[in-house]
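Dear colleague,

I am handing over the structure below, which I understand is new to you. My notes on what was found in it follow directly after.

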Amino acid sequence: MAYANIVTALAVLQFLIFGFKVGAARERYGVRAPAVMGHEVFERRFRVQQNTLEQLVAFLPGMYLFSRYFNPLWAAAIGVIYLAGREIYSAAYVRDPAKRGPGFGLTFIANAVLILGGLVGAIRGLV
Amino acid sequence: MAYANIVTALAVLQFLIFGFKVGAARERYGVRAPAVMGHEVFERRFRVQQNTLEQLVAFLPGMYLFSRYFNPLWAAAIGVIYLAGREIYSAAYVRDPAKRGPGFGLTFIANAVLILGGLVGAIRGLV
Amino acid sequence: MAYANIVTALAVLQFLIFGFKVGAARERYGVRAPAVMGHEVFERRFRVQQNTLEQLVAFLPGMYLFSRYFNPLWAAAIGVIYLAGREIYSAAYVRDPAKRGPGFGLTFIANAVLILGGLVGAIRGLV
């Protein structure tokens with residue numbers, strides 16, 4: 001389970017770092033709280049963080065369920081795809097939001113495998 | 001625990017599907033990233049997803065704590081109420097945001113029971 | 001583990017209460033769904049809730065990992081700092097968003113200790 005937990009902790013750290021970049025963009029571009037609009041680059045950073053929040057909330061139970069019903073090592077490997085997908089997503093989104101598809105897709109596929117795997121595993125556990 | 005885990009996985013899938021509908025509305029109504037405003041129907045879909053994110057973050061630890069300190073089968077049953085509440089909320093919100101109350105209420109009550117139940121169970125565990 | 005679970009449940013309840021205050025501000029200041037802008041005080045309450053959502057998503061796995069690899073009692077103690085930080089953050093933000101730093105910092109440090117502690121613990125678990 002240690003590898004799965006390491007990847008879980010890294011996913012949370014990645015999210016916190018995305019949050020830091022939002023805070024830095026807020027300062028640099030003079031977007032005063034509570035506003036979350038007003039500068040294009042700030043908004044891109046903010047959307048990266050918010051979308052990562054959404055994906056992380058699926059990822060965390062996905063890692064747990066997939067580890068429990070299949071294999072924590074495989075969960076960790078799929079989690080690395082999630083981490084890479086998020087980095088690609090973040091870098092692409094900040095350059096050009098229209099290019100955010102591939103990174104999003106990687107993360108989304110990783111999450112879908114984790115959750116559907118966990119669901120199938122739990123259903124098999126009933127039989 | 002399998003029933004509770006099945007309901008947990010379904011709640012995450014439901015959330016991912018709400019996210020898909022946001023993406024579809026983004027395309028259909030021409031709301032270009034990073035914007036999250038600009039078309040009423042998109043904004044309704046987006047708020048459904050965001051509110052579900054908020055409720056899911058309470059639901060996941062609620063399911064865990066209630067299962068641990070009371071009963072995973074009861075947790076699963078309450079979780080089905082959560083799932084139904086979210087479907088009602090989503091359908092009502094997209095038709096008319098003023099009608100979102102009942103669906104929200106069902107979800108909120110389910111979450112409150114799970115979390116307060118978990119809290120009471122953990123406190124009893126101390127004695 | 002009971003203390004860590006009590007603090008976890010309290011953190012979720014705190015978040016739900018922040019959400020209630022958003023709903024109350026929505027009524028009082030006439031911000032009609034799906035809008036999330038239009039009145040400064042509503043926007044402050046909303047940002048308090050949204051920022052707490054972000055921090056809670058880091059806090060929950062942090063509590064779990066730190067409890068597992070170090071000590072659930074210490075996790076609970078750090079969690080109390082998180083809870084206090086959020087209360088300070090909320091009160092300060094609603095009065096003046098420019099004063100939100102200290103409360104945010106307390107929460108953030110608590111989360112960083114929980115997650116980095118969990119990461120170090122999981123890595124040590126490999127050796």
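Predicted model: local features only at pLDDT ≥ 70, side-chain atom pairs only at ≥ 80, totals over all residues.

**How two of the copies are related**

The copies use different surfaces, since 16% of the contact residues of chain C recur in chain B.

**A single chain**

Chain A has four helices and zero strands, and from the N terminus on its elements run α-α-α-α. Its C-alpha trace spans about 55 × 25 × 20 Å along the principal axes. Of the 127 residues in chain A, 57% are buried. If one takes the contacts in chain A between residues at least 6 apart in sequence, 71% of them join residues at least 24 apart.

**Chain A against chain C**

The contact between these two chains takes 25 residues from chain A and 26 residues from chain C. The area buried between chain A and chain C is about 2,100 Å², and carbon and sulfur atoms give 78% of that area. On the side of chain A, Asn5(A), Leu16(A) and Pro34(A) supply 26% of the area that this chain buries against chain C, which is more than any other three residues supply. Between chain A and chain C there are zero salt bridges, while three residue pairs are in polar contact across the interface, both residues being at pLDDT 80 or more. The elements of chain A that give two or more residues to the side touching chain C are helix 1 (2–28) and helix 2 (40–69), and the largest share, 13 residues, comes from helix 1 of chain A. By class, the residues on this side of chain A divide into 20 nonpolar, four polar and one charged.

**Chain C against chain B**

Here the contact takes 25 residues from chain C and 26 residues from chain B. Chain C and chain B bury about 2,100 Å² between them, with 78% of it on carbon and sulfur atoms. The residues of chain C that lose the most area to chain B are Asn5(C), Leu16(C) and Pro34(C), which together account for 25% of what that side buries. Across the interface of chain C and chain B there are zero salt bridges, and the count of residue pairs in polar contact is three, with both residues at pLDDT 80 or more. Helix 1 (2–28) and helix 2 (40–69) of chain C each supply at least two residues of the side that touches chain B, and helix 1 of chain C gives the most, with 13 residues. That side of chain C has 20 nonpolar, four polar and one charged residues.

**One residue of chain B**

Finally, a note on Ala77(B), which is found in helix 3 (residues 72–95) of chain B. Because its relative accessible area is 40%, Ala77(B) counts as partly exposed. Ala77(B) and Arg124(B) are 47 residues apart in sequence, and their C-alpha atoms are 22 Å apart in space.

With best wishes

Conventions: Residues numbered from 1 in each chain as written. Chains lettered and ligands numbered in written order. Heavy atoms only, no water. Contact = heavy atoms within 4.5 Å. Buried area = accessible area lost by both parts, 1.4 Å probe. Salt bridge = Lys/Arg side-chain N within 4 Å of Asp/Glu carboxyl O. Polar contact = N/O pair within 3.5 Å; in protein donor to acceptor, adjacent residues only side chain to side chain. Nonpolar A, V, L, I, M, F, W, Y, C, P; charged D, E, K, R; others polar. Buried < 20%, exposed > 50% of the residue type's maximum accessible area, 1.4 Å probe, protein only.
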